[in-house]
Amino acid sequence: MNLRLKLFTLFSVTYLLIFIVIQFASNSVLLGGMEELENREITGETANGVASVKQRISDIEYATRRFASYDNIYRFTKAPDLVSEEYVWRVVNDAALSESNINYVIIFDLEGESILEKGYYKNSKIAVSEELVNFFEMNSILVVHQKVDSKLSGLLKTPLGLCAISSQPISSEEDKIVGSMVLCSLIETETEKATSDPTLMQVNLVPLTENIPAHTASILHEITNDDPIYVEKPNEDTIKGYSVVNDLYGNPAILVAVEAPRLIYGMGEKMVNYFVLSFVLIGISIGMLAILALNRLVIMPLSKLSGEVAEINPQTINETSVAIPGDDEIARLSQDIEGMLKTLREYQNRMKETERMVSIGATATMVGHDLRNPLQVVVMLTDLIKKKINRLSDDEQHQEIERLTNRIKEQATYMNKIVSDLQGLTKGLSLEIEDVYLVEMVEGILESVQIPENIFSQVYFEEDFPEIFADKAKIQRVLTNLIINAIQSMQTGGELVVRGHKDGKKVCISVIDTGCGITKPNLDKIFDPLFTTKAKGTGLGLTVCKRIVEAHSGEIFVKSHQGVGTMFTIFLPIKQEPKSVEDKTETGIDYASYHEHILPSCL
Ligand SMILES: Nc1ncnc2c1ncn2[C@@H]1O[C@H](COP(=O)(O)OP(=O)(O)OP(=O)(O)O)[C@@H](O)[C@H]1O
Ligand SMILES: [Mg+2]
C-alpha cells in the first residue's frame, strides 16, 4: 500500500469514527434533550386539559352551592304550588347560566320528583327532555340528600350524553332540607381548542362510551394511577398526550387527548442535520486540502527522491544529483543522500585509482624486474668502455667515443629513474632513516643535473639550517624531481631558486622557478599518477614526491601563476615523528598559508 493510499485510509477511518461519535452524541444528547423537553411540554398541556375538565366541574359545583342557598329557591321548593317559579328564574337567570356554562337546571322535591326544570343552550332556552328527568328520578341517590352539607359533583353519562353535574340539597337556615338542585353542563364531544393558534396544542375531550376503538383501549391500558399521563409519538411531526378523567362512579369517562406539532424536535432534527451536513462538508474540504498539501509537500518530493535514488547506478553516479532545495526534513534527507553519494563517488574514484595503480604496479614490477639488470649492465659496460678508450692515443676519436658513451649513460640513467619512480610508486615505502644535510644535497643535485646556461640558479639556506633525519636517497629523488621540473619549465631561460629555513620542529625547502607556470585546471591534477604535459614525461615525478614526503610525515604544496612561475614547498620534520600535522598546532604556523605568502616575494 503506498503512502497516498495509507493516508487516505487513515483519514477516512478517523473521519468516519469522528462522524459516528458526533452523530451518536448529537442524536442522544441534543435530540434526547429536545425529546425530553417536548415530553414535558405535552405532559404539562395534558395535565392542563385534565385540570380544565375538573375546573368545569368545580365551576358548576360552585354555581349549584350558590343557587341552592338562595331564599327564593328554598321558598319555591318548599311550596311550589304557592310560590311562582318566576322567583326561581329571577336568581337563576340566563346570564348566570351562561357564565357557568350550565345547560340544565332541575329542582327536585324531597322524594326525588322533579318540580322545576329549565334548559339553556347557546343563549337560547331549550326543553328539558323527559329522558333526562326520568334518569335522575330513577337514580334517586343522585337527587335525594340526607344531610345539609352533602353534595355530588362530577362527570356523569346521561341519556343526553356526558355531562358535568352537581347535585346539592336545598335547605333553610334551620338546616331543614326541602329538596335538591341539580345543574348539568353538557361536555362537548367536539375538539376543544386550548388556543386559536393552529401551530400549537389542540385539546380533545373524547367521551368514553361502550364502543371504545382499539387504539383508545390500548391508550387506556397505558394510563395508570402512578403514571396518569401517556405520551405517544405517532409520527415524526406529531406528539400526543393522553389522560383520563373518571365519572362520579370512578369509571373512565373522558379521554383528554392533547395533540401538538413536534416543533422543538423538528427544529432539533434540522439543527442536527445542518450540523452533520456542515461537519461532512468541512471534513471533506479539510481532508481534501490536507491530502493535497501532503501530496504536494511530502509525497511528490518523496516519490521524486525515491525515483531519482532508484535510477542511480555506478555508471551515472558522477552526474546524478538528488538534492532538493529547502530546509525541511525531505530536503535534509535528500541532502543526506547527496552526501552519501558524494562519499560513494569518492570511494568509486579511489577504487578506480587503486585499480589503475594495481595495473601500473603489475606492469612496473615486470618492467622494473626485466630492465633493472640490463640497465646496470649497460652502465657498467659504458664505464668499462670509458676506461678502455682512455688508453687510446687518437684524441679526436677519444673525444667522440666519450661523448657517445656519456649520452648512453645519460639515457640509461634516465631509464633507471623511470624504473625507480615506477617502483617507488607501487612498492610499499620503507624508509631508511639517517642524518641528511640538505644544503649539501641540494648543491650536489644542482651540480649533477645539467643546467642550461640561460638559467641562473641560486641556493639560500639559513645559516643554522639543521640536519634532518630522513631517507637520504628518497629525499634526493624528491628534490631532484622538483629541480628537474623547474629547469624543464624554463625553456627560454630564467631563474631557479632553492631556499631552506628551519621552522619550529620542521624544515621548509622551496624550489622556485620563473618558468611557464601551471594552468589552474592542471594544478588539481599534477600529483595524479601519469599526468604529464610533456612529450617525454612519464607523469610519475610529482606523484612519487608526494608519496615520499608524506611517508616522512611531511607536506608538499604548490603555488603557480601561468607565465610567471611556480613554487613547490616541502615541509619535513627534523626528527621523524608519527604525526607531522600536530606540529602545525604546536608552532602555530599554517604551512599552507605560509606557502601562499612566500611565493609572490620569491618570484
Ligand atoms: N616547475 C614546474 N613548472 C611548470 N609545470 C610543472 C612544474 N612541475 C611540474 N609541472 C607540471 O606537472 C606535470 C607533472 O610533473 P611530473 O614531474 O609529475 O611529471 P613530468 O615531469 O611530466 O614527467 P616525469 O615523470 O619525467 O617527471 C608536468 O608535466 C608539468 O606539466
Ligand atoms: Mg618531472
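This note comments on a predicted model in numbered points.

1. Conventions. Residue numbers start from 1 along each chain as its sequence is written, while chains are lettered from A and ligands numbered from 1 in the order in which they are written. Because the model is predicted, local features need pLDDT of at least 70 and side-chain atom pairs count only at pLDDT 80 or more, whereas totals for chains, interfaces and linings use all residues.

2. The shell around ligand 1 holds 22 residues, of which Asn-485, Ser-489, Thr-532, Gly-537 and Gly-541 come nearest; a residue is near a molecule if its C-beta atom, placed from the backbone, lies within 6 Å of it. Helix H12 (472-489) and helix H14 (541-551) each supply at least two shell residues, and H12 gives the most, with four. Helices (H or I, at least four residues) and strands (E, at least two) are DSSP runs, numbered from the N terminus. By class, the shell has seven nonpolar, 13 polar and two charged residues. Here Ala, Val, Leu, Ile, Met, Phe, Trp, Tyr, Cys and Pro count as nonpolar, Asp, Glu, Lys and Arg as charged, and the others, Gly among them, as polar.

3. The pair H12 and H14. The axes of these two helices come within 9 Å and cross at roughly 145°; axes are lines fitted to C-alpha atoms over the stretch in contact, and angles run from 0 to 180 degrees between N-to-C directions. Among the residues making the contact are Asn-485 of H12 and Gly-541 of H14, where contact requires C-beta atoms, placed from the backbone, within 7 Å. This contact comprises seven nonpolar, three polar and two charged residues.

4. Helix H9. This helix covers residues 329-390 and has a kink of about 30° at Leu-371, shortly before the proline Pro-374. The bend at a residue is the angle between axes fitted to the seven residues ending there and the seven starting there. Of the 62 residues of H9, three are buried, so the helix lies largely in the open. The buried residues are Ser-334, Ala-364 and Thr-382. A residue is buried if 20 or more other C-beta atoms, placed from the backbone, lie within 10 Å of its own, exposed if 12 or fewer, and partly exposed in between.

5. Backbone angles. Most residues other than glycine have a negative phi. Asn-123, however, has a positive phi of about 65°; Asn-123 lies in the loop between strand E2 (114-121) and strand E3 (124-126) and counts as exposed because it has 8 C-beta neighbours inside 10 Å. Leu-530 also has a positive phi, of about 70°, and is partly exposed.

Notes: Contact = placed C-beta atoms within 7 Å.
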